[in-house]
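User: I would like to learn how to read a few features of a protein-DNA model. Please take them one at a time, with the general idea before the case.

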Protein chains: 2
Amino acid sequence: MKTDCEHCPLRQIGLFEEMTKDEVHYMSRFKTGEFVAQPGTEILAEGASSSQLYTALDGMGLRYKTLEDGSRQVVGFVLPGDFIGLQSGVMGEMRHSVEATTRMTMCVFNRSELWELFKNQPRRAFDLTHVAATEEFLLGEMLAAVGQMDGLAKIAWVLNRFFTRLTALGLNENDQVPLPYRQQDVADAMGLSLVHTNKTLAKLRAKGVVTWSDDTLTVHRPDELAQLGFSTGVKPAQRPLI
Amino acid sequence: MKTDCEHCPLRQIGLFEEMTKDEVHYMSRFKTGEFVAQPGTEILAEGASSSQLYTALDGMGLRYKTLEDGSRQVVGFVLPGDFIGLQSGVMGEMRHSVEATTRMTMCVFNRSELWELFKNQPRRAFDLTHVAATEEFLLGEMLAAVGQMDGLAKIAWVLNRFFTRLTALGLNENDQVPLPYRQQDVADAMGLSLVHTNKTLAKLRAKGVVTWSDDTLTVHRPDELAQLGFSTGVKPAQRPLI
DNA sequence: CCTCGCTATGTCGTAGTTTAATGCAGAGAA
DNA sequence: TTCTCTGCATTAAACTACGACATAGCGAGG
């Protein structure tokens, strides 16, 4: 688990290259150098224009939008290493809310430092746009899944994405990854009802593909899971030349 | 209609501040300084890493992803002033394809100029990230619509978005805006079948809210349209304090 | 103990898909 | 001109995946 700000991605891209660790931590608001959010806490609200940005060091959360009719669309999952509040740093206002689903420790820094980065370290600023582009990429993939797949494929797809990302983060132990979400969260992410999500999960369980309980996802057949939640990004079929 | 590169948004944000118009246009590949795409042409393919970026000056198109099973998810509509290929400029590879649905004229420039921008004009580079953030915002809104709304709301939402954006571009004449897309495009954007999209459009027509024919959308009751495609971005209801 | 939040499962109605058939305008050929 | 072909809009009928509702179980916390 990454609990040291040494691993903070903003440090990796050089925002803090010339700073000591004490300077890195945003000290004025929270007594510890790190901001700790408790489960169920709203870290940033849609429409808020926070003067702080965060990077998740440990723990997980989710990004969501709320619609006029009260329904909720989960637009992403926050894993260790992810940015929080980049939109508010760039656009001045968050376009979605962020909530912690576990205890989260975050590295906090001022929005003004982002502008310093652009002024003083163009290479790092350029790198930073990769982060924004990656976020957009994940959103596009999710849109394709929500728009085109049926229930079983949606659930398999999102579980497979969790499994893949968490494995890449080194959080995979014997095909088990932490998954501290409720079925309602997955349902709101994939545009399904809670009941249907539950039944689809039961189907996957019956097939022996995955089990998910106690905030832990166990993938018994990774290849079958990937097969069910078939991927996007395929070149369109060639149009017949005649 | 914007047909002059003076209006190119990249010029507006200063990429070409010190350049003459002739320099602005990318001359080596196309005889005219502007790249012209014919209807139905694929401008950039998913997975491609083009060395050129474009901004749409005139005409419209759409962004889409293709899934393994052959289905298509439209992830956005390209209107005059939009960027094309920003992702390939930043990440090196396009995450979706772009196709022209009308004759499109575009301003072409080299990817390397993007890096020059970051090196020499940090303020402009910072502005540029607004563009990326805006694209992400639109994607998030669309995800919420596709994931949470029912058929009627989806169609009303996307028509209302067209109407709003095109009005902002000054393309609204007597509540009529150009809409050079097929019903299939709208269906693929909102995750509905062509048939159901058609029926829903018929419903809106019967209600006297909109008519859409000959690539022209006429909105008879803008407020009712906005009402039907209710918006996102609402603050979540306060949790009861008790 | 009871309540609350979450998971689990069955029944039923409907919104949406699939398939198919019709119409209609534009383009190309004779 | 007239015929045909092609792409798109339209409408109907049959089928189904999914949502709504109801109900039960289970563990945590007051």
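User: Which residue forms a salt bridge with A:Arg123?

Analyst: This is a predicted model, in which local features need pLDDT of at least 70, side-chain atom pairs count only at pLDDT 80 or more, and totals for chains, interfaces and linings use all residues. Residues are numbered from 1 along each chain as its sequence is written, chains are lettered from A and ligands numbered from 1 in the order in which they are written, and side-chain values use heavy atoms, with hydrogens and water left out. Side chains of opposite charge can pair when their charged atoms come close. A salt bridge here is a side-chain nitrogen of Lys or Arg within 4 Å of a carboxyl oxygen of Asp or Glu. The partner of A:Arg123 is A:Asp127, with 3.5 Å between the closest N and O atoms. Both residues belong to helix α5 (residues 122-148) of chain A and are 4 residues apart, about one turn of the helix. Helices (H or I, at least four residues) and strands (E, at least two) are DSSP runs, numbered from the N terminus.

User: What salt bridge does B:Arg124 form, and how far apart are the closest N and O atoms?

Analyst: B:Arg124 pairs with B:Asp127, and their closest N and O atoms are 3.9 Å apart. The two are separated by about one helical turn because they sit 3 residues apart in helix α5 (residues 122-148) of chain B. B:Arg124 counts as partly exposed at 25% relative accessibility; buried means under 20% relative accessible area, exposed over 50%, and partly exposed in between (1.4 Å probe, protein chains only).

User: How many salt bridges are found over all chains?

Analyst: The whole structure has 24. One of them joins the side chains of B:Arg221 and B:Glu224 at 3.2 Å, N to O. Salt bridges with shared partners also link A:Glu46, A:Lys65, B:Glu141 and B:Arg161 into one network.

User: What is the strand order in the open sheet of chain B?

Analyst: Strands of a sheet pair through backbone hydrogen bonds, either parallel or antiparallel. In this analysis two strands pair if DSSP finds at least two bridges between them. The sheet has 4 strands in the order β1-β8-β3-β6, with antiparallel pairing. β1 (34-37) and β6 (83-84) of chain B are the edges, each with a single partner strand, so one side of each has no neighbour in the sheet. Strands β3 (residues 52-58) and β8 (residues 104-110) of chain B share 6 bridges in the antiparallel sense, and B:Gln52 has B:Asn110 as its bridge partner in β8(B).

User: Is B:Ser71 buried or exposed?

Analyst: B:Ser71 is buried, at 17% relative accessible area. B:Ser71 lies in the loop between β4 (61-66) and β5 (72-78) of chain B. Its side chain makes a polar contact of 2.8 Å with that of B:Asp69; a polar contact is a pair of N or O atoms within 3.5 Å, and within protein one must be able to donate a hydrogen and the other to accept it, while residues adjacent in sequence count only if both atoms are side-chain atoms.

User: Which residues are closest to DNA strand C?

Analyst: A residue is near a strand if one of its heavy atoms lies within 4 Å of it. Of the 14 residues surrounding DNA strand C, the closest are A:Arg182, A:Gln183, B:Gly151, B:Ser193 and B:His196.
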